[in-house]
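Here are my notes on the model, point by point. Please read them with the coordinates open.

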Amino acid sequence: MAHAPDHADHVGHGPAHHRAPIGMYLAVFVALMVFTVLTVAASRVNLHQWNTPIALAIAVIKATLVILWFMHVIHSPRMTWIVVISSFLWLGVLFVLTFSDYLTRGWPIY
Amino acid sequence: MTTTTIDDAPFIEPSATAPRNYLNDEYGVLSWLLTRDHKRIAVLYAISVTVFFMVGGIIAFMMRLELLTPEGDLFTSDTYNKLFTLHGIVMIFFFLIPAIPAVLGNFILPIMLGAKDLAFPKINLLSWYIYMIGGSFGIYVIITGGVDTGWTFYTPFSTQYSNTHVFAVTLGAFITGFSSILTGLNFLVTIHRMRAPGLTWFRLPLFVWSMYATSVVIMLATPVLAITLVLLMVERTLHVGIFDPALGGDPVLYQHMFWFYSHPAVYIMILPGMAVISECVAAFTRKKIFGYKFVAFSSLAIAFLGFLVWAHHLFVAGISIYSAMVFSFLSMIVAVPSAIKVFNWTATMYRASVSWQTPMLYVLGFIGLFTIGGVTGLFLAALGIDVHVHDSYFVVAHFHYIMVGGTIMAYLAGIHYWWPKITGRMYPEWWARLSALLVFVGFNLTFFPQFLVGYVGMPRRYHAYAPEFQVLNVLSTAGATILAAGYLLPMIYLFWSLKFGRKAGTNPWGAVGLEWATSSPPPKENFHETPVVTWEAYDYPAFLKAMRETQHG
C-alpha cells in the first residue's frame, strides 16, 4: 500500500515541536498568578465605570499568555495562527452585532 | 509503489470487484461497536439517525392528527406543547444536523479524497458514542414525561417556570454538540492533510467544498450553543442571574446567544444538502458543474454570511430598530450565494442529456422546494412582513421548505445515489421513483397550505384553532399521510435491496469521482492502490471520450 493518503499517523505533529524552556512556563505561571491577585485587588477598589474594563483587560492579557505559551501557539505554524485569529474574529462578530442591539436601544425612533 | 489514475480506474469490471470489503472484512457485534473504519461508523450513524427520524416523524404525525379538527380533542394543550418541542429537538439535534455529514460525509468524504480513513479514526468513533449518549438523554426525556419549552428553550420560561425535563434535554443537546464538533474537526483536518496526490483544491468535488464550509460553521458556532445551554442550566439550577430580569439578567441575551448558533445551524443542515445536489447534478447531466469556482466559494460565503443574520429571529423580541435594520439587510444578502448555487445547477442542466434516475428526481424536488423556502425567507427578512407573519404557520412552512424540502430531499438523493457504493446493491428503481413522487406531492400538500393558513393569521404552537382554518389543516394532514408513505417506502425497499437488489458493480452511474473508482462496497482501506488524480472535477467530456475509446478499443 502506498503512503500518500496515509497521513493519519502524522496529523497533529507538524513542525510545531518547539519546546520552550521550563523557566518560561514558570515565568508565565507567575505572571498569571500576579494578574489573578491584581484582578482581586482591582475589584476591591471603586473605580466607577472603569472596574469592568480593567477586569476585562486583565482577563485578556491572561488569556493571551495561556494561548501563546501554554497552548504553544507562539511556536505553531501559520495555519494555527489563522485558526486562532479567525476564532477571535468570530467572537468579535458575536460581540459587535449583539452590541449593535444593546447600544442603540435608547436611540430615538422618528 | 503502484498507482492508478482516475481516468482508467472507472473501467474496472464488476467481476474484478475484490471479494473482501468493509462489510465482510470482520464479523461480530464488537467489530462494529469498536470499529475505526469511517464506513462502518457511517453505517452506525445511518441506523441511529433513522431511528431518531422515525421518532420525530411519529411525533409530527400525532400533531397533524390533532390538527385535523379545530378543537383540541386528541391531546391536552400541555401534551401538545411537549409534542412540538420534542419533534423539534429530535429532528434538529438528532437527525438533521448529523444526517448528511455523519452518514454520507463520513462514508464518502475520505474516499473522495483518496484517503484510507478520516484523520482521526478513534475520534470519529468517539463522536458516534457521544451522539448516542446525547441522544439517550432525548429518549429518556421522551419516556419520562417530556419537555414543553419549544426546541429553542427560551428564557425565562425554561429557567423559571417550566416544570418539565429542561435540564436533561439541554444536557443532551449540549453533549450531542461535541459529537458535531469532533466530526467537523475530523473533516477539516482530513481535507487539509489527506488529499490524494494531484487532488488540488480546485480539483476537489464540490461535495468536499460544502463539507468544508459546514465544518467551519460547526467548529465556530457549536461552542456558543454549549456555553448558552450551560448558562441556562446554571440559572435554572443555581439561580444565578444571567437571563432572568428579576435576578439582573436579560432574556433577549439568551435569544442572541442561542441564535448565534442556531441560525448558522440552518446552514449546518442545508450546506451538506447542497453538497449532495452538486454531485448528483453533475452525475446525471454528465456535465461539468457550471461555474465550479462560484459554487465552491458560494459555500464559504454562505458559511460566513450565515453568522451575520441571527437577530432576524428577534425582530419582535424588543431589539433595537436600528440593529433590526442591519440584520434585515444582512439576511437578504445571504440569499445571494444561495441563489448562485441554484442558478448554476440549473445552468448545468441546460441542454444536457439528463437521466431521470431517482437521485435526480430528488434533486429537482430539492431545487424547487429550496427556492420556495429561500424566497419566503426573504419575506421574513423584511421587517414589516415579519411583524405580520411572525410566529405564524407561514414561518413553520418556510423553514420546513428549507429543512424538509431541502435537507431531507438532498439526504434521500444522496442515499439513493451512493446506496450502490455503500451496500454494493442497486435499489429497485420503479419503487424509488414512486417514493420520490409521493414525497414531493406529500410534502407540498403538507406544507403549502401552511403558508396560506399562516398568512391569514393562524399562530403556530396551538393545539386548537379557529374553525375557518380547518380546510387548509385537513389538506395539510392529508399531505402528511402521503409524505409518511413516501418516507416509509425507501425504508422497506432499501432494506429489501440489501439481500435481493441487483449487484451494483464499481460504477453503476458511469460517474466521475474517486468513490466510483473503487469497488462496491469499498475494501476496508478504500483503495488497493493509491489513486493519483490527473483530471479536473466533473470532467465528463474527457471521461466520456475515454470511455468510448475503451469500448471501441
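1. First, a term. A crossing counts as left-handed if the near helix is turned anticlockwise from the far one by less than a right angle. By that rule, the crossing of α7(B) and α8(B) is left-handed. This is a predicted model.

2. The helix pair itself. In chain B, α7 spans residues 206-238 and α8 spans residues 251-285. Their axes lie 8 Å apart, at an angle of about 160°. Angles over 145 degrees count as roughly antiparallel, so α7(B) and α8(B) are roughly antiparallel to each other. The residues of their contact comprise 26 nonpolar, five polar and one charged.

3. The chain interface. Chain A contributes 27 residues to the contact and chain B contributes 33. Together the two chains bury about 2600 Å². Carbon and sulfur atoms account for 70% of that area. How many salt bridges are there between chain A and chain B? The count is zero.

4. Backbone points to check. Most residues other than glycine have a negative phi, and most peptide bonds are trans. His48(A) has a positive phi, near 55°. His48(A) sits in the loop between α1 (22-43) and α2 (51-70) of chain A.

5. Cis peptide bonds in chain B. Thr155(B) to Pro156(B) is cis, with omega near 0°. Pro156(B) belongs to the loop between α4 (121-143) and α5 (157-161). Ser520(B) to Pro521(B) is also cis, with omega near -10°. Pro521(B) falls in the loop between α16 (470-500) and β2 (530-532).

How values were computed:
Residues numbered from 1 in each chain as written. Chains lettered and ligands numbered in written order. Predicted model: local features only at pLDDT ≥ 70, side-chain atom pairs only at ≥ 80, totals over all residues. Heavy atoms only, no water. Axes fitted to C-alpha atoms, helices over the stretch in contact; angles between N-to-C directions. Helix = DSSP H or I, 4+ residues; strand = E, 2+ residues; numbered from the N terminus. Parallel < 35°, antiparallel > 145°, perpendicular 65-115°, else oblique. Nonpolar A, V, L, I, M, F, W, Y, C, P; charged D, E, K, R; others polar. Contact = heavy atoms within 4.5 Å. Buried area = accessible area lost by both parts, 1.4 Å probe. Salt bridge = Lys/Arg side-chain N within 4 Å of Asp/Glu carboxyl O.
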